[in-house]
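Please look through the sequence and the structure below.

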Amino acid sequence: MFLVCAITVGISILVCRSSLTVHSYDVEIRGVTHPFTAVLLTDLHGKEFGEGNAELLELVRQQRPDVIFCAGDLIDGSASLADVERVSALLGELTGIAPVYVSYGNHEKAYLRNGGAELRPYVEKSGATLLGEACTPAEIAGNKICLGGTLGHLYLFGRTKEAYRSSPEVKLMQEMEASGLPTIVLAHMPDTIIFCQADKDWKLDHF
């Protein structure tokens with residue numbers, strides 16, 4: 001029913017602190033009739049690969065993606081405005097390769113809590129789309145898909161049932177289920193999916 005992207009979608013690029021590593025995966029999403037290639041970027045933490053991220057951009061181009069997902073922690077919680085502007089420039093370059101969808105990680109949230117500049121204008125200026133806890137319809141390689149992003153836990157995880165059921169992440173999953181479309185959720189912190197078997201509770205296709 002759902003595809004939750006914790007680490008991989010299609011072809012992914014996992015960015016480490018000091019090197020680039022490419023991992024390729026084949027993933028089946030119920031309702032998707034036209035195969036597509038996706039690149040997932042996560043946990044850049046402001047790291048650059050080559051001047052202006054030239055090495056990273058070239059590696060992404062080589063995958064010939066139909067869509068690019070950025071699943072959080074593109075900056076550090078202590079990022080400067082210059083760091084944010086560099087990430088915005090990177091997103092702008094990526095949109096020249098394929099449509100780009102961005103969701104926040106815990107470091108973006110920490111940056112905002114620390115009084116950092118609002119990030120949405122920088123994402124929108126780049127031409128990328130910021131995903132949140134609401135269904136965002138998208139067309140990818142001829143497929144109509146519902147996209148979303150969350151930092152929430154898809155499990156009780158110490159909360160009352162009432163608090164859990166009214167949480168933004170549960171409302172997101174219910175909205176996506178009601179859409180009747182194939183769904184992809186970018187989940188930066190999929191702890192409960194991995195350790196509490198929330199994938200079975202939500203009938204997730206993949207994570």
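In this predicted model, helix 3 packs against helix 2 through its buried residues. Helix 3 spans residues 106–113, and its buried residues are Glu 108, Ala 110 and Tyr 111. Viewed down the axis of helix 3, these buried residues fall within an arc of 160°, so they line one face of the helix. Helix 3 is followed by Gly 115, which has a positive phi, near 90°.

Helix 2 also packs with helix 1. In general, a pair of packed helices is described by the angle between the two axes and the distance between them. For helix 1 (residues 54–63) and helix 2 (residues 81–95), the angle is about 25° and the axes are 11 Å apart. Angles under 35 degrees count as roughly parallel, and helix 1 and helix 2 are therefore roughly parallel to each other. The crossing in which helix 1 passes helix 2 is right-handed.

Which residues meet where helix 1 and helix 2 are in contact? From helix 1 come Leu 56, Leu 57, Val 60 and Arg 61, and from helix 2 come Leu 90, Glu 93 and Leu 94. Sorted by class, this contact of helix 1 with helix 2 has 5 nonpolar residues, 2 charged residues and no polar ones.

Burial along helix 1 can be read alongside that contact. Leu 56, Leu 57, Leu 59, Val 60 and Gln 63 are the buried residues of helix 1. Seen down the helix 1 axis, they fall within an arc of 160°, so they line one face of the helix. Glu 55 and Gln 62 are exposed on the other side of helix 1.

Helix 1 is followed by Arg 64, which lies in the loop between helix 1 and strand 5 (67–70). Arg 64 is not a glycine, yet its phi is positive, at about 50°. With a relative accessible area of 72%, Arg 64 is exposed, because the cut-off for exposure is over 50%. Asp 73 also is not a glycine and has a positive phi, of about 55°. Asp 73 is placed in the loop between strand 5 and helix 2. Is Asp 73 buried or exposed? Asp 73 has a relative accessible area of 3% and is buried, since buried means under 20%.

Two further positions involve strands. Leu 186 is in strand 10 (residues 183–187). At 0% relative accessibility, Leu 186 counts as buried. Leu 186 and Leu 131 are 55 residues apart along the chain, and their C-alpha atoms are separated by 8.5 Å. Val 27 lies in the loop between strand 3 (20–24) and strand 4 (38–42). Its relative accessibility is 25%, so Val 27 counts as partly exposed. Val 27 and Thr 37 are 10 residues apart in sequence, and the C-alpha to C-alpha distance between them is 9.9 Å.

The protein has 8 helices and 11 strands. Of its 207 residues, 47% count as buried. How many of the contacts between residues at least 6 apart in sequence join residues at least 24 apart? The share of such contacts in the protein is 75%.

Key: Residues numbered from 1 in each chain as written. Predicted model: local features only at pLDDT ≥ 70, side-chain atom pairs only at ≥ 80, totals over all residues. Heavy atoms only, no water. Axes fitted to C-alpha atoms, helices over the stretch in contact; angles between N-to-C directions. Helix = DSSP H or I, 4+ residues; strand = E, 2+ residues; numbered from the N terminus. Parallel < 35°, antiparallel > 145°, perpendicular 65-115°, else oblique. Left-handed = near helix turned anticlockwise from the far one by under 90°. Contact = heavy atoms within 4.5 Å. Nonpolar A, V, L, I, M, F, W, Y, C, P; charged D, E, K, R; others polar. Buried < 20%, exposed > 50% of the residue type's maximum accessible area, 1.4 Å probe, protein only. Arc of directions from axis to C-beta.
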